[in-house]
Amino acid sequence: MRNLALALVILAGLWLVLNVHLPGPGDLREDIAEAGVWGAGFFVLLYTVVAATPIPVTIVAVAGGLAFGLPLGTLLSMIGVVLGGWAGYWVARVLGRQTARKMLGSHAEAVESQLHGGGLYAVATLRLMPGFPYWPVNYGSGAFGIDNRTFVIATVISSLPGQLSLVAIGAFIGDPTIPNGIAVGVAWLLVGGLTIVSFRRWRGTRHPDPAPPPEGPDPGSASPQ
């Protein structure tokens, strides 16, 4: 059953990657605007689907800033990325550890080594790491023992700076004002600062390997006095 589910997930992901061509930020902004009052709901649904798959979320987040501005765009992006991440978490948790390892592919070893025995700071560090995609963190957290509450809290905290920075870029493109430019800079400073803090806290919570026993003569081999 798990192998069948894995095959279906892989086929669905391949179909999405090969057949779903995301529009550029400008086109996406027009599509959302044409949806009227349903635009926000459509955006959250689209973001949830994208965040649950290996498709990068960057274009959607930037389009959120273009379409809705910084405050509302950040809120809607956060709802979408948390729902999508949570969906990926439960897919991996239901399919099981071995099946999730196959889904993670080349990311499996790195993700497992970081998340095994970890907690909030382990999830946050991976999610804040520049250039590291969201989906392996979602699947890995579900597969390698991160509890649901810890995952959701870590996702909300660690996703906010990244989403804010991407949405701010979109808002600045649509309205290149000084406040939007400042928001971009502040958001990226937050990403860097939280990455350092999370990494240090995560390293501090890891248990060091036990020290080897001191070298010396074997007590049992000592000659009687």
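Let me start with a term: buried means under 20% relative accessible area, exposed means over 50%, and partly exposed is in between, using a 1.4 Å probe and protein chains only. Helices, by the way, are DSSP runs of H or I with at least four residues, strands are runs of E with at least two, and both are numbered from the N terminus.

Okay, ground rules. This is a predicted model, where local features need pLDDT of at least 70, side-chain atom pairs count only at pLDDT 80 or more, and totals for chains, interfaces and linings use all residues. Residues are numbered from 1 along each chain as its sequence is written, and side-chain values use heavy atoms, with hydrogens and water left out.

So, how much do we trust it? pLDDT is the predictor's confidence in each residue, from 0 to 100. The mean for the protein chain is 75, and 68% of its residues reach 70 or more.

On to the fold. We've got 11 helices and zero strands. Of the 225 residues, 40% count as buried. If you take contacts between residues at least 6 apart in sequence, 77% of them join residues at least 24 apart.

UniProt, in an unreviewed entry, lists residues 35-68, 75-95, 149-172 and 178-199 as "transmembrane region". Those positions are in the numbering used here, feature names are shortened, and annotations may be inferred rather than shown by experiment. In the model, residues 75-95 are 100% helix and 0% strand, with the end C-alpha atoms 31 Å apart. Residues 149-172 are also 100% helix and 0% strand, and there the end C-alpha atoms lie 34 Å apart.

What does Ser77 touch, leaving out residues up to four places away in sequence? Phe43, Tyr47, Ala61, Gln163 and Val167. Ser77 lies in helix α5, and it's buried, with a relative accessible area of 0%. Compare Ile157, over in helix α10: at 47% relative accessibility, that one counts as partly exposed. Ile157 and Leu194 are 37 residues apart in sequence, and 9.5 Å apart in space, C-alpha to C-alpha.

Now the packing. A nonpolar core here is a set of buried Ala, Val, Leu, Ile, Met, Phe, Trp, Tyr and Cys residues joined through side-chain atoms within 4.5 Å. The largest one has 21 residues, and Leu104, Leu115, Val123, Tyr139 and Phe144 touch the most other members. At least two residues each come from α5 (70-95), α6 (97-104), α7 (108-115), α8 (120-128), α9 (135-143) and α10 (148-174). The biggest giver is α9, with four residues. Apart from this core lies another, of 16 residues, among them Val44, Ile55, Val60 and Val82.

Last stop, α6. Which residues are buried there? Thr99, Ala100, Met103 and Leu104. They sit on the same side of α6 because they cover an arc of only 140° around the axis, the arc being that of the directions from the helix axis to the C-beta atoms. Turned away from that buried side is a face with the exposed residues Gln98 and Lys102. And just after α6, Gly105 takes a positive phi of about 60°.

Key: Contact means heavy atoms within 4.5 Å.
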